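Student: I would like to learn how to read a structure like the one below. Could you take me through it feature by feature?

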Amino acid sequence: MSDAFTSTLRRQIARATGPDGTLDVERLLQAVNESYLEHARDVRRMTRANALMVEELQEMMQLLQTAAEDRNPLAAAPPPLARAG
């Protein structure tokens, strides 16, 4: 079997190969299709998790900014040169 194949594909081919050495193409295609579907689910989960993490980080940054402004009101003011414009 080709080394160019991924270990997953090599396993799928092995599982779809009968004791007599014949390849059950339908079984192989089902296994490959399931791998694609699983990958798509994983990508959706990771994308959702990343979006939630970004939202949480934005909220945390806003809380930190508010806390800094509460402690030092000048922190919220633009730098002197920006006001002089």
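Student: At the start of α2, which backbone nitrogen does a side-chain oxygen of Asp24 reach?

Tutor: A polar contact is a pair of N or O atoms within 3.5 Å, where, within protein, one must be able to donate a hydrogen and the other to accept it, and residues adjacent in sequence count only if both atoms are side-chain atoms. Here the side-chain oxygen of Asp24 comes to within 3.3 Å of the backbone nitrogen of Glu26. Keep in mind that this is a predicted model, in which local features need pLDDT of at least 70 and side-chain atom pairs count only at pLDDT 80 or more, while totals for chains, interfaces and linings use all residues. Residues are numbered from 1 along each chain as its sequence is written, and side-chain values use heavy atoms, leaving out hydrogens and water.

Student: How many helices and strands are there in the protein chain?

Tutor: Helices (H or I, at least four residues) and strands (E, at least two) are DSSP runs, numbered from the N terminus. The protein chain has three helices and zero strands, giving the pattern α-α-α along the sequence. Helix α2 covers residues 25-71, and its 47 residues reach 68 Å from first C-alpha to last, close to the expected 69 Å, a span taken as 1.5 Å times one less than the number of residues.

Student: Is Gln12 buried or exposed?

Tutor: Buried means under 20% relative accessible area, exposed over 50%, and partly exposed in between (1.4 Å probe, protein chains only). Gln12, in helix α1 (residues 7-15), has a relative accessible area of 9% and is therefore buried. Not counting residues up to four places away in sequence, Gln12 touches Leu28, Ala31, Val32 and Ser35, where contact means heavy atoms within 4.5 Å. Of the 85 residues of the protein chain, 5% count as buried.

Student: Which salt bridge does Glu34 form?

Tutor: Side chains of opposite charge can pair when their charged atoms come close. A salt bridge is a side-chain nitrogen of Lys or Arg within 4 Å of a carboxyl oxygen of Asp or Glu, and a search of the whole structure finds two. Glu34 pairs with Arg41, with the closest N and O atoms 3.0 Å apart; Glu34 is partly exposed at 36% relative accessibility, and Arg41 is partly exposed at 31%.

Student: Where do Arg45 and Asp42 lie?

Tutor: An α-helix has 3.6 residues a turn, so residues three or four places apart point the same way. Arg45 and Asp42 both lie in helix α2, three residues apart, about one turn of the helix, and their side chains meet in a salt bridge at 2.7 Å, N to O.
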